[in-house]
Amino acid sequence: MKTIASMAMLLSFGWHGSRAGECQCDRLGSWAPRDTNSCDTIYGDARQLCLADRDHIQQDAQARAQQGSLQRAQEENQRLHNELRAA
């Protein structure tokens, strides 16, 4: 019985230790891949979660980039408008 308990603890520690190096927590409470190809080595439901999180992260990054571009364009437009009014 002690052997089974010891093995269960070792397996639990080994699994959490190996996963900690590959993933990080995001604001949704699920794990997000650090390497975009890491989902390829995961199988089953965990792979589906990994792929969904990866897509979500990519969509968030694209939305932030678009928002930044829009903000820069608006600032440039405002600067040009101010120059025209001053001239």
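**Figure 1. Cys-39, a cysteine with no exposed surface.** At 0% relative accessibility, Cys-39 counts as buried, where buried means under 20% relative accessible area, exposed means over 50%, and partly exposed is in between (1.4 Å probe, protein chains only). This is a predicted model, in which local features need pLDDT of at least 70 and side-chain atom pairs count only at pLDDT 80 or more, while totals for chains, interfaces and linings use all residues. Residues are numbered from 1 along each chain as its sequence is written, and side-chain values use heavy atoms, with hydrogens and water left out.

**Figure 2. The disulfide of Cys-39 and Cys-50.** How many disulfides does the structure hold? There is one, a disulfide being a pair of cysteine sulfur atoms within 2.5 Å. Cys-39 is joined to Cys-50, with an S to S distance of 1.8 Å. The link is left-handed, at -80 degrees about the S-S bond. This pair ties together distant parts of the chain, 11 residues apart: Cys-39 sits in the loop between strand 2 (31-33) and helix 2, and Cys-50 sits in helix 2. Helices (H or I, at least four residues) and strands (E, at least two) are DSSP runs, numbered from the N terminus.

Figure 3. Ala-52 lies in helix 2, and its C-alpha atom is separated by 9.9 Å from that of Cys-39, 13 residues apart along the chain. With 42% relative accessibility, Ala-52 counts as partly exposed. For Cys-50 and Asp-40, which are 10 residues apart along the chain, the C-alpha separation is 9.2 Å. Asp-40 is partly exposed, at a relative accessible area of 43%.

**Figure 4. Arg-47 and Asp-40 in a salt bridge.** A salt bridge here is a side-chain nitrogen of Lys or Arg within 4 Å of a carboxyl oxygen of Asp or Glu. A search of the whole structure finds three of them. In the one shown in this view, the closest N and O atoms of Arg-47 and Asp-40 are 3.6 Å apart. Is Arg-47 buried or partly exposed? Arg-47 counts as partly exposed, at 27% relative accessibility.

**Figure 5. A salt-bridge network of Glu-76, Arg-79 and Glu-83.** These residues are linked in a network of salt bridges. Arg-79 meets Glu-76 at 2.5 Å, N to O, and meets Glu-83 at 2.3 Å, N to O. What separates Arg-79 and Glu-76 along helix 2? They are three residues apart in helix 2 (residues 45-86), so about one helical turn lies between them. Glu-83 and Arg-79 also both lie in helix 2, four residues apart, about one turn of the helix. Arg-79 is partly exposed, with a relative accessible area of 39%. Glu-76 counts as partly exposed at 36% relative accessibility, and Glu-83 is partly exposed with a relative accessible area of 43%.

**Figure 6. Helix 2 from end to end.** What span should the 42 residues of helix 2 have? At 1.5 Å a residue, they should span 62 Å, and the end C-alpha atoms are 61 Å apart, which agrees. The expected span is 1.5 Å times one less than the number of residues in the helix. The buried residues of helix 2 are Cys-50, Leu-51, Asp-53, Arg-54 and Gly-68.

**Figure 7. The whole protein, for orientation.** The protein has two helices and two strands, and from the N terminus on its elements run α-β-β-α. Of its 87 residues, 14% are buried. Among contacts (heavy atoms within 4.5 Å) with a separation of 6 or more, 13% come from residues 24 or more positions apart.

**Figure 8. Confidence along the chain.** The protein averages a pLDDT of 76, and 57% of the residues score at least 70. Over residues 13-22 the pLDDT is below 50, and beyond near neighbours in sequence this stretch has seven contacts in the model. For reference, pLDDT is the predictor's confidence in each residue, from 0 to 100.
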